[in-house]
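I opened the model to look up a few residues and how they pack. My entries follow.

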Amino acid sequence: MRIDVVSIFPEYLAPLELSLIGKARQDGLLDLLVHDLRDFTTDRHRTVDDTPYGGGAGMVMKAEPWAQALAAVAEGYSGRAPGDGAKPVLIVPSPAGKRFTQAIAHELADEEQLVFACGRYEGIDERVLEWASEHFTVRPMSLGDYVLNGGEVAVLAMVEAIVRLLPGVVGNPESLVEESHSDGLLEYPVYTKPSSWRDREVPPVLLSGNHGKIAQWRRHQQFQRTAERRPDLLDGFDAGALPRADRTALADLGYDVVDGRLKRRADATED
C-alpha cells in the first residue's frame, strides 16, 4: 500500500515511524510519504491561508497550494497526470465527514493508494474538494463528534487502524478477529497472570480449561459490555443468525429479537 499525507506540520506525523507502522515501512509492506503543503506555495511567505469570504472568525486554507500538492502526489505515485487511470482515495479529516469505523478501515485497507489531506484553521476551501473529486475518490472522514485543531491527530489514528489490517503487519492475524467492533460488538475483558491480584480474582471459567464454556462466557461478556457502554451498537443489530444461547443472554440484558433485529424492551432498566 502507498500512503501520502499532506500537512503544514509534517513533523506531527513522526509517530508513523514507530511501532508496527514503522516496522511495516521497514519491511516494505507500506510506502508512506509525508509532504509539506508549504512546499507548493509560490510567494516568499509560503502562505497557505486567507480570510474567509462572507466574514467570520478564523482563516481558510487556500485552494491553489492544495491543488498543486495533490496533483504532485498523484503524479509522483503513478507517473501519470491526475485523472489518467484509477483514482486514488483522498481522505479529508473533518468533523463534517462521515464517521470513521472499523468497517471503513477494512474497506480502505484494500485500496492501493490513500492520500490524507490535513486541514487546519477553519478548513480547506471547499472548491478543492470539488476539483479533487475529478481526480480522486474523495472521502471526508470524522473520528467522532468533536473538533480537533487539525487533521494530523485524526490521520495518525486512521492510518494505524488501516495499516494494522494489512497482511503481515500484525504478527498474529487471529488477534484481529476478536477485537472490538470486528463483529459489531465491543471486545470481552482480558486477564493475565497472576490469577489473584490485590484480592481480585480472574473469572474461574477462564481457568477451567473448558474452551467451549470460555468461548460462551466471552461472547456473553461482549453483549454485556456493549449493552452497558455502547447500547447504540445493539439497537438494530442483525440477530437473524444468533444462536439460542446468545438470544437468551440478550434477553437477560433487556433485548428482544423483532423482525430479525435487536430491540431494547421499554421496561428494561439500567444496572
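I started with Glu152, which lies in helix H5. Helices (H or I, at least four residues) and strands (E, at least two) are DSSP runs, numbered from the N terminus. This is a predicted model, in which local features need pLDDT of at least 70, side-chain atom pairs count only at pLDDT 80 or more, and totals for chains, interfaces and linings use all residues. Residues are numbered from 1 along each chain as its sequence is written, and side-chain values use heavy atoms, with hydrogens and water left out.

Is Glu152 buried or exposed? I found Glu152 buried, because its relative accessibility is 0%. Buried means under 20% relative accessible area, exposed over 50%, partly exposed in between (1.4 Å probe, protein chains only). I then listed what Glu152 touches, leaving out residues up to four places away in sequence: Ser7, Ile8, Phe9, Tyr12, Leu13, Cys118 and Arg120. Contact here means heavy atoms within 4.5 Å.

Next I checked Phe9, from that list. Phe9 sits in the loop between E1 and H1. Phe9 counts as partly exposed because its relative accessibility is 32%. Phe9 also belongs to a nonpolar surface patch with Tyr12, Tyr146, Leu148 and Val153, and together they have about 430 Å² of accessible area. Such patches take residues with over 30% relative accessible area and no salt bridge, with nonpolar side chains (Val, Leu, Ile, Met, Phe, Trp, Tyr) joined within 5 Å. A salt bridge is a side-chain nitrogen of Lys or Arg within 4 Å of a carboxyl oxygen of Asp or Glu. Accessible areas come from the Shrake-Rupley method with a 1.4 Å probe.

I moved on to H1. Ile21, Gly22 and Ala24 are buried there. They are on the same side of H1 because they cover an arc of only 155° around the axis. That arc is taken from the directions from the helix axis to the C-beta atoms. Ser19 and Gln26 are exposed on the other side of H1. What do the buried residues of H1 pack against? They pack against H5. Just after H1, Gly28 has a positive phi of about 80°.

Note on methods. Patch = residues over 30% accessible without salt bridge, like charges linked within 9 Å, V, L, I, M, F, W, Y side chains within 5 Å.
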